[in-house]
Amino acid sequence: MAKATTPDGETAEAPSQLIDARIKELDDWRGQTLARVRALIKQADPDVVEAWKWRGVPVWEHAGMICTGETYKAAVKLTFAKGASLEDPSGLFNSSLEGSTRRAIDIHEGEKINEEAFQALIRAAVALNTSRKKKA
């Protein structure tokens with residue numbers, strides 16, 4: 001596996017260990033939240049591939065991008081690459097609603113995510129990605 005550099009300059013296996021390092025580096029509710037959504041993503045799609053893009057953004061992929069996991073001071077933002085094409089009956093998407101392609105979920109300190117609905121969105125994103133691959 002290729003080596004990469006963590007945000008603090010250490011060498012790590014790429015990319016899952018870089019995500020591990022980001023979670024550890026955050027050392028607060030954002031790290032805990034990122035770790036939890038990461039676990040939920042892996043449970044929802046055991047074949048998910050983790051990537052590390054754009055100088056430090058965790059990305060989850062399966063036949064294309066599913067979502068990113070950006071961390072900001074006040075939120076953990078999960079941006080779904082094709083979120084506008086996904087059904088969201090539980091109303092998890094609460095950010096980037098005006099776009100024609102992406103949708104995002106902003107999680108703030110103290111907020112809990114509807115885990116069942118979140119995993120359903122992950123599975124729907126994978127289904128959308130794999131259906132588009134088959135058509136191509």
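Colleague: What is the relative accessible area of Ser96, and is the residue buried or partly exposed?

Modeller: Ser96 has a relative accessible area of 27%, so it goes down as partly exposed. Here buried means under 20% relative accessible area and exposed means over 50%, with partly exposed in between (1.4 Å probe, protein chains only).

Before we go on, some ground rules. This is a predicted model, so local features need pLDDT of at least 70 and side-chain atom pairs count only at pLDDT 80 or more, while totals for chains, interfaces and linings use all residues. Residues are numbered from 1 along each chain as its sequence is written, and side-chain values use heavy atoms, with hydrogens and water left out.

Back to Ser96. It sits in the loop between β6 and β7; strands here are DSSP runs of E with at least two residues, helices are H or I runs of at least four, and the numbering goes from the N terminus. The backbone of Ser96 has a positive phi of about 55°, although the residue is not a glycine.

Ala84 is found in that loop between β6 and β7 (103-107) too. With a relative accessible area of 30%, Ala84 is partly exposed. Leaving aside residues up to four places away in sequence, Ala84 touches Gly99, Ser100, Thr101, Arg102 and Arg103, where contact means heavy atoms within 4.5 Å. Ala84 and Ala104 are 20 residues apart in sequence, and their C-alpha atoms are 9.4 Å apart in space.

Now for the other positive phi. Ala63, a residue other than glycine, has phi near 60°. Its place is the loop between β4 and β5, and at 30% relative accessibility Ala63 counts as partly exposed.

β4 (residues 57-61) and β5 (residues 65-71) run antiparallel and are joined by three bridges; two strands pair if DSSP finds at least two bridges between them. Glu61 has Met65 of β5 as its bridge partner. On to the next hairpin: β5 connects to β6 through four residues. Five bridges join β5 to β6 (residues 76-80), and this pair runs antiparallel. Thr71 stands opposite Val76 in β6.

Over to the helices. α1 (residues 16-26) and α2 (residues 29-44) pack at an angle of about 145°, with axes 7 Å apart. Axes are lines fitted to C-alpha atoms, for helices over the stretch in contact, and angles run from 0 to 180 degrees between N-to-C directions. From α1, the contact is made by Ser16, Ile19, Asp20, Arg22, Ile23 and Leu26, and from α2 by Arg30, Gly31, Leu34, Ala35 and Arg38. Sorted by class, that contact has five nonpolar, two polar and four charged residues. The nonpolar class is Ala, Val, Leu, Ile, Met, Phe, Trp, Tyr, Cys and Pro, the charged class is Asp, Glu, Lys and Arg, and the others, Gly among them, are polar.

Last up, the charges. Eight salt bridges turn up in a search of the whole structure, each one a side-chain nitrogen of Lys or Arg within 4 Å of a carboxyl oxygen of Asp or Glu. One of them pairs Arg38 with Asp20, the closest N and O atoms being 2.4 Å apart. Arg38 lies in helix α2 and Asp20 in helix α1, so this pair ties together parts that are 18 residues apart in sequence. Arg38 counts as buried at 8% relative accessibility, whereas Asp20 is partly exposed at 39%. A network of salt bridges links Asp20, Arg38, Lys42 and Glu50.

Then there's Glu115 with Arg36, their closest N and O atoms being 2.8 Å apart. Glu115 lies in helix α3 (residues 115-135) and Arg36 in helix α2, so the pair ties together parts 79 residues apart in sequence. Glu115 counts as partly exposed at 33% relative accessibility, and Arg36 counts as partly exposed at 36%. Finally, Arg30 forms a salt bridge with Asp28, with 3.0 Å between the closest N and O atoms. Arg30 counts as buried at 17% relative accessibility, while Asp28 is partly exposed at 25%.
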